[in-house]
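Please examine the following structure with attention to its surface and its charged side chains. The paragraphs below lead through selected positions in turn.

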Amino acid sequence: MEYNFKDIEKRWQKYWAQQKTFATKQDTGKPKYYVLDMFPYPSGSGLHVGHPLGYIASDIVARYKRHKGFNVLHPMGYDSFGLPAEQYAIETGQHPKITTEQNIARYRNQLDKIGLSYDWDREVRTSDPSYYKWTQWIFIQLFQSWYNKKTQRAEAIDTLLSEFEKNGNTLVQAACEETILFSAQEWNAFSDKQKSDILMNYRISYLGEAYVNWCPALGTVLANDEVKDGLSERGGHPVERKLMKQWSMRITAYAQRLLDGLEKMDWSESLKESQRYWIGRSEGTSICFSVQNTEHHIEVFTTRPDTIFGVSFIALAPEHELVEKIATSQYKTQVADYLLAAKNKSELERQAEVKKVSGQFTGAYALHPFTQKPIPIYVGDYVLVGYGTGAVMAVPGHDERDHRFATHFNLPILQVIAGKEVQTEANEAKEGNMIHSDFLNDLEVPKAIQKAIEAVELQNLGHRKINFRLRDAIFGRQRYWGEPIPIYYKEGIPHALPENELPLLLPEVDKYLPTESGDPPLARAQNWKYKNKYEYEHTTMPGWAGSSWYFLRYQDAHNPKHLADKKYMDYWRDADLYIGGSEHATGHLLYVRFWTMFLYDREMIPVDEPAKKLINQGMIQGTSCMIHRVDGENKFISAGLKSKYKTTLLHIDVNIVENNVVNLDKLKAWRSDFTEAKYELEDGKLLCEHTVEKMSKRWHNVVNPDDVCEKYGADTLRLYEMFLGPIEQSKPWNTNGITGVHGFLKKLWRLFANGVTETEPNKAELKTLHKTIKKISEDIDRFSFNTSVSNFMICVNELTDFKCNKRAILEPLLILLSPYAPHITEELWRQIGHEESIAYASFPEFIEAYLVEDVFSYPISFNGKTRFNIDMPATLSPSEIEKRVLEAEQTSRYLEGKTPKKIIIVPKKIVNIVI
C-alpha cells in the first residue's frame with residue numbers, strides 16, 4: 001500500500017478534533033509543562049511557510065513532554081484587535097469584527113492542516129468581550145494602585161490616601177511625577193478635583209501629558225515601531241511629535257526590577273541585551289546651568305561629570321519646555337521653523353541618523369556652573385526629551401555626536417583628558433588624566449568623576465542620580481478597534497467603572513474615523529454615556545494591552561468570575577517554554593513582564609515573571625526566482641545564455657519553479673506579458689537565477705504552507721522546517737530540498753509494508769534504536785530540532801539495510817518520531833494494532849548497555865606502521881591488551897626475536913610497538 005499522506009492527514013486531524021485528543025485536563029496531580037507561542041495577529045493574507053517555524057518547534061516539545069508523562073498546556077489564541085482591520089473598515093465600511101473573524105477562520109484552517117496539538121477549547125481572542133473584560137479589570141487595578149519605593153512594590157491607592165489624610169505626602173517615597181509637598185491639613189482641605197489631579201501623579205495607570213507620534217491622516221497616535229522615515233508604516237502618512245493628554249502606564253517604576261529579573265531567566269543573551277539597552281540604566285549626576293539674564297535654569301543629566309570643563313554648548317531637545325521661552329527675538333523665527341521640521345521625525349529616526357547633523361541656535365546663553373562663562377544654547381534633534389532631562393551639556397572633545405554637531409556649527413572643541421587629540425575625532429575613552437579642568441587636573445577619570453559629583457553636591461548645583469532610558473508607556477489610542485478604557489468623567493474627574501459593571505462594551509459607530517472636530521472614533525457613538533449622563537473615555541487601549549496577560553487566561557480560559565482560578569494559577573504558574581519572534585524582544589516582553597510583576601505585587605498571581613525559558617525563532621527567508629529578459633525585447637532567455645545578451649532580471653512566482661527550472665505553461669498563465677513573449681531555452685528548459693531575500697509578495701517568493709501540505713503533506717512540511725537549520729537562526733526556504741525529506745517518510749512507510757513481527761531484535765538493531773533514543777532525547781532537551789531530523793534519517797537507513805520489521809524496534813521508533821511527524825506515526829501505530837492514539841504513549845527508555853561495544857578491532861602498529869588487526873573484547877584493560885598482543889603469532893613474526901622498547905596502548909584506539 002502506498003503512502004497516501006492526503007487521506008492519512010485528513011483522517012487524523014478529524015480524529016484529534018472529534019476526540020479532543022489534546023484537551024488539557026486540570027489534573028494537578030501530574031507534573032506540569034506549559035508550552036506557549038507568542039500571540040499571532042491574524043492578517044488577511046494568512047500564513048506563509050516562515051510563520052509556522054516556531055509553532056512546529058513548540059508542538060514538538062509539547063508532544064514530547066506528553067510522551068514523558070507531563071500534563072501539558074499548549075494553547076493558542078489571537079491578538080485580534082489591531083490597526084490593519086480598522087484601516088480596512090475605514091476603506092470599505094465593513095466592521096472590523098467581520099474582517100477579524102474571517103482572518104481567524106483562515107488562520108485556524110491553516111494551523112489545523114499542519115497538525116499542531118493545541119488545546120482549542122482554551123482559545124482566547126483579545127477582541128472577545130469575555131476576554132477584554134479582564135483586560136479592563138487589570139487596567140482598573142493599575143489605576144487604583146501606586147508604587148511604594150520603600151517596599152519596592154505596587155500597593156492599593158487606599159494606603160496612599162490614608163497616608164495623605166494622616167501625614168500629607170512629606171514622608172511618601174513613590175514613583176511619581178514631581179508634585180508639591182502638602183500637609184495632612186492641606187490635603188483634607190483640597191477640593192475633589194485637586195485631590196484627583198494630585199493622585200494622578202501617583203497612579204500606575206494615569207492621565208498625563210506626553211509626547212506622542214501623532215498621525216493626522218489616520219487620526220491616531222502611533223507606536224515608535226509603526227513609524228518609518230517620518231511616515232506611518234501603514235498608508236505612508238506624515239507623522240509629527242505632539243504633546244497630548246494621554247493615558248499612560250508607569251512602567252518606569254519597575255525599571256530596576258525589569259533589569260534585575262533578567263538575571264534569573266533562561267533567555268538568550270542577545271534578547272537580554274536588547275532589554276538592558278531599552279531599559280538603559282546609567283549612573284551619574286544632575287547639574288544645573290542657569291540661563292543668562294533670565295530666571296530659567298537648565299538641568300542636565302550626565303554620566304561624565306569629569307568633563308564639565310569641556311562643555312562648549314548646551315543642546316536642548318526640540319520638545320524641551322524652555323526652547324521657545326529662551327529663544328531671543330532675533331532667532332525666534334528660525335527656532336520656530338526648526339521645531340516644525342523636527343515634528344516629522346520619530347525618536348527612533350533621530351537616534352538612527354547619527355551622521356546627519358541638524359540644529360538651531362536659540363540666541364540664548366547658559367552660564368557654566370563653575371566658571372560662569374557664557375555657553376551658547378542650541379536646539380538639536382539628536383537630543384531626546386524622553387531621556388534624562390531633554391538637555392545635554394555638550395562636550396565635543398569627548399563625545400562623537402557632540403563632536404559632529406560642534407564641527408558642523410563651528411563651535412569650540414575642548415580637550416580635557418590627556419591623550420589623543422580631539423579636533424578631528426572625539427576621544428570617548430573613559431581613561432586618562434584630566435587636563436584644562438581646574439580642580440580636577442591630573443586626576444584619573446574614575447576619581448575625577450567622583451570628585452566632580454562631590455563638588456556639584458557641595459555647591460548645590462545638582463545631585464547624584466540614576467537614570468533610565470525607559471519611558472512610561474503611552475496607553476491610549478485614538479482608534480476604534482481596541483478595548484474601551486473603563487473610565488468615565490464626572491465634573492472633569494476620571495472615575496473607574498465599578499468592577500461588577502465590566503465589560504464596558506465597544507459601541508457601534510457610523511464611521512471608524514475621528515469626528516470632524518478631531519475626537520477619537522468612539523465619540524461618534526450615539527447615547528453612549530455612563531448612567532446616560534457621564535462621558536466615557538473615548539480612546540481605546542493599545543494592541544499590547546490584551547497580549548500582556550494572555551498566558552494567565554489560558555490557565556482557566558472561560559472563568560466568568562476571575563481572571564483565572566487561584567488553584568490553577570498556582571499549578572500552571574509561568575510558561576516553561578515561550579517561543580516567538582525577536583521583533584517582540586523589547587515592546588511586548590517588557591510590557592508582559594511589567595504587568596506580571598504588578599499583578600504579583602498585588603498578590604493576584606503567584607509568579608513575577610511570565611516565562612522561564614524563551615526562544616526567539618529565526619526568520620525563514622524567501623528564495624526569489626528571477627529570469628532574464630533581453631533589454632528592449634519581449635524575449636526571455638535561459639540563465640546559461642545570459643552572456644550572449646544584455647538583460648534585466650525580473651522576479652517571477654517561486655511556486656512555478658522547481659529545481660531552477662521554470663514551468664513555462666504556468667509562467668505564461670501567471671501574467672499576460674509572458675503569454676506572447678519569445679523564449680530561448682537550454683535543452684528545452686528555461687533556467688532561472690535565484691537569490692535569498694525577505695519573504696514578501698513584492699518579490700513573489702512567498703510560499704504558502706497549504707501548497708506544501710497539498711503537494712508533500714504536513715509531516716513533510718514539519719520535518720523540513722526543522723531540518724533547515726537551528727531554530728534560532730534565519731535561513732532561506734529552498735523547495736529543492738523538500739523532496740529528500742518526503743523521500744525519508746516514504747522509506748519509513750516501507751519498513752511497515754509487510755506488518756511487524758514479534759521476533760526478538762539482534763544487537764545491531766537494538767544499538768540503532770537506542771542510539772536514536774539517546775540522540776532524540778538530547779536534541780529535544782536542547783531544542784536542536786534540525787539534528788533530530790538527521791538522526792531519524794540515519795536510523796531509518798540503518799533499519800532498512802537490516803531489513804528490520806520487528807515490533808520491538810519499530811514500535812518505539814514511531815513514538816520517537818511522533819512529535820515531529822504525528823500523522824504518519826498515528827497511522828502506522830494503528831496499523832500495528834493499537835486502538836488508542838500514539839500521543840500519550842510512554843517515551844522509550846534509553847538503555848546504555850545496548851551501546852556498549854562487545855568487540856573492538858585494534859590496529860597493531862610497529863614503529864608507527866600498521867601491520868595487522870586483532871579483534872579483542874572492548875572491556876579489556878591495557879595490561880590485558882598487551883598480554884594478548886604479545887602472545888599473537890603475527891606479533892612474533894614482526895618482532896623477529898627482539899624485545900620491544902615500548903608498547904603504547906590507547907584503549908579502543910591503537911596499539912603501537914616500538915622496537
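In this predicted model, strand S36 spans residues 902-906 and contains Ile-904. Ile-904 has a relative accessibility of 33% and therefore counts as partly exposed, since that class lies between the limits of 20% for buried and 50% for exposed. Together with Val-906 and Ile-910, Ile-904 makes a nonpolar surface patch of about 200 Å².

Helix H4, which covers residues 96-113, includes Ala-105. Ala-105 is likewise partly exposed, at 46% relative accessibility.

Side chains of opposite charge can pair when their charged atoms come close. The structure contains 44 salt bridges. One of them joins Arg-671 to Asp-673, with the closest N and O atoms 3.0 Å apart. Arg-671 is partly exposed at 30% relative accessibility, and Asp-673 is partly exposed at 29%.

Salt bridges that share partners also join Lys-32, Asp-574, Asp-576 and Lys-612 into one network. Within it, Lys-612 and Asp-574 form a salt bridge whose closest N and O atoms are 2.7 Å apart. This pair links distant parts of the chain, 38 residues apart: Lys-612 belongs to strand S24 (residues 611-617), whereas Asp-574 occupies the loop between helix H18 (566-572) and strand S23 (575-581). Lys-612 is partly exposed, with a relative accessible area of 39%, but Asp-574 is buried because its relative accessible area is 9%.

Conventions
Residues numbered from 1 in each chain as written. Predicted model: local features only at pLDDT ≥ 70, side-chain atom pairs only at ≥ 80, totals over all residues. Heavy atoms only, no water. Patch = residues over 30% accessible without salt bridge, like charges linked within 9 Å, V, L, I, M, F, W, Y side chains within 5 Å. Areas by Shrake-Rupley, 256 points an atom, 1.4 Å probe, with all protein chains shown as cover. Salt bridge = Lys/Arg side-chain N within 4 Å of Asp/Glu carboxyl O. Helix = DSSP H or I, 4+ residues; strand = E, 2+ residues; numbered from the N terminus. Buried < 20%, exposed > 50% of the residue type's maximum accessible area, 1.4 Å probe, protein only.
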